[in-house]
Every structure is written in structure tokens, then in C-alpha cells.
Amino acid sequence: TSRDAQTANFRNLDRLGIRARVAVASMVLTDFRSTLQTLAKIAPDELYNLAGQTSVGLSFEQPVETLESIATGTLNLLEAIRFLERPIRLYNAGSSECFGDTGGVAATEDTPFRPRSPYAVAKATAHWEVANYREAYGLFACSGILFNHESPLRPERFVTRKIVAAAGRIARGSPEKLRLGNLAVYRDWGWAPEYVDAMWRMLQLEQARDLVIATGTSYSLEAFVAAAFAEHALDWRDHVEQDPALFRPSEIAYNGGDASQAKVLLNWQARYRMPDVVRLMVAAEGDRADGAGGLP
């Protein structure tokens, strides 16, 4: 769905080569009437809620829109499913940002939430909405608590794509300097296609439950930058500058996840780690620069 499916370009569906196989519909998730009418018309078996404001950094500038699009949007979906009394299985896109800084310890499903951004507050709200509707109304509704999952479909405002795109331009002769924020933060980076597989597996369980989806290995942002430039045989230190203006008001120093439960219940575990993700993204960026489509 999109707010206006008639005008949206859906270019990522084109890039994946599946645009002709996907039927689209207009729906405004923050409008309960729109949400209810769309679900009544489509009558889906499975519903994947991937909507809402997606940038942690932008959420500090747009906290109200972030909360409404994520928390109110999720609530509208849950209430519409309850109202329709149809056996719709709902997957909700949770976020590792809800955990905040875990102090170097990998987070599990039992780790307390300590959100440190408006985005994380909104995601935590949506998470508990889903849990409440599951317990109070018997809905099949679950949240995947996903750690960072990357792909070449990311827009450049996300730091991973920003790094990969800049490294490619510099390798082709651009004199620019790449400006980044705190390079000392650690993140658990995975490959998005694998994480989408985990989403689907969660909706195939007999009973709905919330699960952490992660690689189990965290790397510093500096290591990500170094790997991206090394793919072009470049030393990142010659091309990167830290910009204090890009530091977030309340940064998470470390995040990492323990997906042991996903391995047991879903028979799922990540095959790709950060170095693999960088290699795949750099290859796709090269194809983009050469005018080729598709994903590796």
C-alpha cells in the first residue's frame, strides 16, 4: 500500500523485477477509516506492517510525525483486524532501537526496553500495542525485533548507503570528502533479504510471539567504513572526516542481538555478516553506476 498508489513510483519494486506481480492499493495508515476499508476490501491472510517514519536521525526533528505514523498506524491496523473478526496474521516491524544501549551485551527477547530516540519510543509503543492485542483479544500478531538490516535499496540518507555510495564516487575520481558522525558506535548489521525471510517464518508459527532477529556479531561504524573503501583499494582515512554536527543528541554506543530463539523456533540464522553486506552493497552500487538493474 501507499498513501496514493496511483502516483507512487514503487521504483524499488521495479529494481527487484517484481512490479508486475504486485497489486497495489491506496491506504493512509494514520486514518482508521482508510485502514479499515482497505483491509475489508483486500481481506489479506498475512499483513506485514513495514510502514512509518524509518529514520532514527530524522525522528529527532519530526517526533510527532514519527510517533503518529508508527504508533497510531500500528494501532489502527490492530483495531481494524479486531473489528473485522478475520483470521489475519499481522507481522509488525519492531526495532532493536527499543533496547537502547545494552552496554556490550547482546539483547534477547527478555532484555528491557530503554528507548533513546523518538523513533525508538514510537517503536516501543507499537511493540506493546501488538503484545496487548495478542493477549487481550487473541489476535495472531507479533513483532520482529530486527537489528540493522541493509540492502542497496536503502536511500542515501541512511549511513550505510551513504558510505557505500560515496566510496564508489570517490573511487571513480570524485574529490569529495565523506562527512560522518560518531565512528565509534557498534551495530549488528545483517542482510535485508535474509531478515524478510525471518519475517515470513514468524507468521508461519502455530502461536504468535515476538522474536529478536540479528546476526549476533557487532562491528564499529569505522570498520564498516574501512571495509567499504577497501573494496575499492582505498584507505578510508584519506577520504573521511568526522563532523560533530552529525552526532545524534542521545547516541547508542553499542547494539547487538542474540537470535537464539529464532534459530530454535524458525530454523533461521543469519548467513551474512557486516563484511558480506558491504561487499554485496558495493557490488550493487557499481551496477547502479553502470546502469545495470537488479540486486546481487
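Trainee: How many disulfides does a search of the whole structure find?
Mentor: This is a predicted model: local features need pLDDT of at least 70, side-chain atom pairs count only at pLDDT 80 or more, and totals for chains, interfaces and linings use all residues. Residues are numbered from 1 along each chain as its sequence is written, and side-chain values use heavy atoms, leaving out hydrogens and water. To count as a disulfide, a pair of cysteine sulfur atoms must lie within 2.5 Å. The number found in the whole structure is zero.

Trainee: How far away is the nearest cysteine sulfur to that of cysteine 98?
Mentor: Cysteine 98 is in no disulfide, and the nearest cysteine sulfur belongs to cysteine 142. Cysteine 142 is in no disulfide either. The distance from cysteine 98 to that sulfur is 15 Å.

Trainee: Is cysteine 142 buried or exposed?
Mentor: Buried means under 20% relative accessible area, exposed over 50%, and partly exposed in between (1.4 Å probe, protein chains only). Cysteine 98, at 1%, counts as buried. Cysteine 142 has a relative accessible area of 0%, so it is buried.

Trainee: Which residues does arginine 134 touch, not counting those up to four places away in sequence?
Mentor: Arginine 134 is in helix 5 (residues 118-137); helices here are DSSP runs of H or I with at least four residues, strands are runs of E with at least two, and both are numbered from the N terminus. At 17% relative accessibility, arginine 134 counts as buried. Contact means heavy atoms within 4.5 Å. On that basis arginine 134 touches Leu139, Ala141, Cys142, Ala208 and Asp210.

Trainee: How far apart are the end C-alpha atoms of helix 10?
Mentor: The expected span is 1.5 Å times one less than the number of residues. For the 16 residues of helix 10, that should come to 22 Å. The model agrees, because the end C-alpha atoms are separated by 22 Å.

Trainee: Which elements do the buried residues of helix 10 pack against?
Mentor: The buried residues are Met274, Val277, Val278, Leu280, Met281, Val282, Ala284 and Glu285. Their packing partners are helix 1 (11-16), strand 4 (149-150), helix 6, strand 7 (190-191), strand 9 (219-220) and helix 8.

Trainee: Which residue in strand 2 stands opposite leucine 47?
Mentor: Strand 1 (residues 46-49) and strand 2 (residues 89-93) pair in the parallel sense over four bridges. Leu47 and Asn49 form the covered face of strand 1, while Glu46 and Tyr48 form the uncovered one. Opposite leucine 47 stands leucine 90.

Trainee: What is the phi of glutamate 85 near?
Mentor: Most residues other than glycine have a negative phi. Alanine 43, in the loop between helix 2 (32-42) and strand 1, has a positive phi of about 50° although it is not a glycine. Glutamate 85 lies in the loop between helix 4 (63-84) and strand 2, and is exposed at 71% relative accessible area. Phi of glutamate 85 is also positive, near 55°.

Trainee: How many Å separate the C-alpha atoms of phenylalanine 32 and asparagine 76?
Mentor: Phenylalanine 32 sits in helix 2 and counts as partly exposed at 30% relative accessibility. Leaving aside neighbours within four places in sequence, phenylalanine 32 is in contact with Asn76, Glu79 and Ala80. Phenylalanine 32 and asparagine 76 are 44 residues apart along the chain, yet the separation of their C-alpha atoms is 5.4 Å.

Terms used. Two strands pair if DSSP finds at least two bridges between them.
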